[in-house]
Amino acid sequence: MKAKRPLEGLKIIDFTWLISGPIACKFLADYGAEVVKIESSSVPDNIRITTPFNANIAGVNRSATFANYNSSKYSLSLNLKHPKASNIAKKLVAWADVIVESFRPGTMKRWGLGYEELRKIKPDIIMLSMTMQGQTGVFSHLPGVGTQLQALVGVTHLTGWPDREPAGTPIPYPDFISPWYILVAIMAALDYRRRTGHGLYIDISQLETSLQFMGPPLLDCMVNGRVQTRLGNQHPYAAPHGVYRCRGDNRWCAIAVFTDEEWRSLCEVMGSPSWAKEPRFATFLTRKENEPELNMLVEKWTSTHTAEEVTSLLQAAGVPAGVVQNGQDLLDHDSQLQHRRHFRILDHPETGQHVTEVAPYRLSRSPGEPKWAAPCLGEHNNYVCTQILGMSDAEFIELVAEGILE
Amino acid sequence: MSSILEPYRVLDLTDVKGFLCGKVLGDLGADVIKIERPGGDPDRNIGPFYHDAPDAEKSLYWFAYNTSKRGITLNIGTADGKEIFKQLAKKADFVLESFPLGYLKSLGLDYVALSELNPSIIVTSITPFGQTGPYKDYKTSDLVASAMGGLVYICGDVDRPPVRISAEQAYLHAGVHAAGATLIAHYYRELTGAGQHVDVSIEEAMVWTTMYAIPYWHTAQRLFPRSGNLQTRYGSTYRLMFPCKDGYVAVRAYTGLTFGAWQARLVKAMESEGMAEDLTSIDWEALSFEGQRQEEIDHWEEVMRQYFMKYTKAELYEKARQYEFSLFPSNTPKNIVKYQQLAERGFWVEIEHPELKEALRYPGAIFKSEPAFDQTMFRAPLIGEHNEEIYVQELGFSKSDLVRLKQANVI
């Protein structure tokens, strides 16, 4: 018997774009919610026009990142600038349980789709607005994306080498924190609504969710006056602790030794070299003191092995270690991810196939599974209008003719 | 107003790998009981420490990720401890754990055993690589998880080894995912009455932070490289960050739909000071990075750099606000603590620590809502702080029982 997806029957309108909001709604969709994603061909979700494209051919239905973040959704292309469009949107609101949007503050209101308006249509509606910095405050209107916002929340400052310019991550890192919190907020709000019958408006931001991941450095600053900075791969409580060159081109292994036991195991795996018995490496404090040399000596050993060998030898001896995996390792070589089916290949009408990830958890009784590929723009216009909103074919054709669905 | 998850009881057996999951649920109002081994969780030894005093009751890491939990000590490895845990589990809604695989099973306290006592219970396991598969018994750390997950490979300068983010991240990702997954399982329980086992993989949580690495390989068999604060895409290289008078600002030369408008506003600001040079003649929204000559991009960046070098990051950020272009200062923790937007939003919360005789400031709620909920946070528990509340007042043990259990190393 095929297990039921846990969120079947839950109805969501996804007005979000780019990464954060779309991922949160994808998780909900993979877990069974009916998610209608609203965009238009004049203003498509910007990530649709972002590289890389499938087969390196640009097109609104070909972005591989869009594909990863939008499986299992219906796509409605609705020209929200058209005066009649908000009527369609409002009909969908009457159908929906949850509205998720990520426009700049005030945009939904301008379209007549602010929380107050939506509540009149559906009193127990749950609306979540995801923004850079929240709905209020003097910087709330600043435009931006996560790749730059990571600087505001300290990630840039804390990534890289102490003697160099900060590196930051090359990705919109806060976009990979906020969706997990959006999901929590929506699920908590749904429980509240079930118990009380009341809806809710949620104002959530990349800024405030990302700072949840900065608790210790922030407390260290406020309590001890210490301004933590980037340390390369050093760790205050571990040595050796780093990323070490291995055999091959640009191949690396991470090793993290926190205890004397792990240190002894590492030495054994390295073949108990005489340097490892020297007093300057005998204790954590002396290893820390002689860390640059220690790292050099460890690397001398790792560079004669492949990263995979180092990892399996050390893990077998109980030492935390792992290949610094690249995209190929993740997709093609990581037998754990293959076993867990973290990546799914989905059939797509235009690109043939695309890859999508599943949420990093498995529910034993009610698993989530992608239902179908990320939709082409407007792929489900007919379905949404006639099946969800119950329009006649003639009404649907009229909408198309009037340019409301574009 | 009451809190949002008020009716629920959570038993939190996790170590550092799972702290945040219980905090998320606790901050939203669930009654989270942190269960530590007698003497306290070893992960109370993670620094930094309050006033740099290395003390299990003064770990700022512990403080940060165990707010809004009560705390008891219980040795579930003893026969008495097991029975007490079972009693608690009978009435609990959620159990969170991050033990090595098989440990709870060896005690007869895994999901299968607990579900016999309480069919609707949800047990959430947060482990390095998940409950199944060839790496299921592998050990991890923040660095190892970030490396295996793929984030490390793409971070750092090209002429040095790849790096992790120098503040622990991996367990936090897994922790919030675990909270979300737990609530999905709860939604299903409310429909069906059935509990279940939720299996969270820290490695997979980190794979979710690699963005380009996966589509680059899948679509083009290309490896997304690390390149410091530069990025090479669309066949050209551009900066993700610029130096300014007193630090760095995160901004790039934006082009194309939506983003090009941000660039046009930056150029307008530069132009008002006569510093935009020929950048004013470019229609940024119509432009694409694709096929752009590298010298051309280098030229834009040089004009921008000269402008940024004239000002501090705070001055530039104020200009970004006025002109509504996209630029963010590279903030240190100190800058963040003083950031006006957070003060205006009332983000920080003061939490009393009576034993320290002061209130400490913490990052506050994850969202604001209308209607507003009680999102009051309280400080992390002391070791065994609520033993009496739970064992005597709730489970009905006598005070002399407590003494005996203490002597038997049960609590």
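**Notebook: helix pairs in chains A and B**

The residues in contact are Phe19(B), Leu20(B), Cys21(B), Val24(B) and Leu25(B) on the α1(B) side, facing Tyr171(B), Leu172(B), Gly175(B), Val176(B), Ala178(B) and Ala179(B) on the α7(B) side. I sorted this contact by class and noted 10 nonpolar residues, one polar and no charged ones.

Next I looked up the geometry of that pair. Helix α1 of chain B covers residues 19-27 and helix α7 of chain B covers residues 170-192. Their axes come within 7 Å and cross at roughly 45 degrees, so I wrote the two down as oblique to each other.

A reminder to myself: this is a predicted model. Chain B averages a pLDDT of 96, and 100% of its residues score at least 70. For the complex, the predictor gives an ipTM of 0.98 and a pTM of 0.98.

Then I checked how chain B is divided. Domain 1 takes in 9-208 + 344-407, while domain 2 is 228-329. I found the C-alpha centres of these two domains of chain B 43 Å apart.

My last stop was chain A, where helix α16 (residues 381-388) packs with helix α17 (residues 393-401) at an angle of about 140 degrees, the axes being 10 Å apart. This pair, α16(A) and α17(A), is therefore oblique as well, and its crossing is right-handed. Asn382(A), Cys385(A) and Thr386(A) of α16(A) make the contact with Asp393(A), Phe396(A) and Leu399(A) of α17(A). By class I have three nonpolar, two polar and one charged residues here.

Note on methods: Residues are numbered from 1 along each chain as its sequence is written. Chains are lettered from A and ligands numbered from 1 in the order in which they are written. This is a predicted model: local features need pLDDT of at least 70, side-chain atom pairs count only at pLDDT 80 or more; totals for chains, interfaces and linings use all residues. pLDDT is the predictor's confidence in each residue, from 0 to 100. Axes are lines fitted to C-alpha atoms, for helices over the stretch in contact, and angles run from 0 to 180 degrees between N-to-C directions. Helices (H or I, at least four residues) and strands (E, at least two) are DSSP runs, numbered from the N terminus. Angles under 35 degrees count as roughly parallel, over 145 as roughly antiparallel, 65 to 115 as roughly perpendicular and the rest as oblique. Two residues are in contact if their C-beta atoms, placed from the backbone, lie within 7 Å. Ala, Val, Leu, Ile, Met, Phe, Trp, Tyr, Cys and Pro count as nonpolar, Asp, Glu, Lys and Arg as charged, and the others, Gly among them, as polar. Domain bounds come from an automatic or database domain assignment. A crossing is left-handed if the near helix is turned anticlockwise from the far one by less than a right angle, and right-handed if clockwise.
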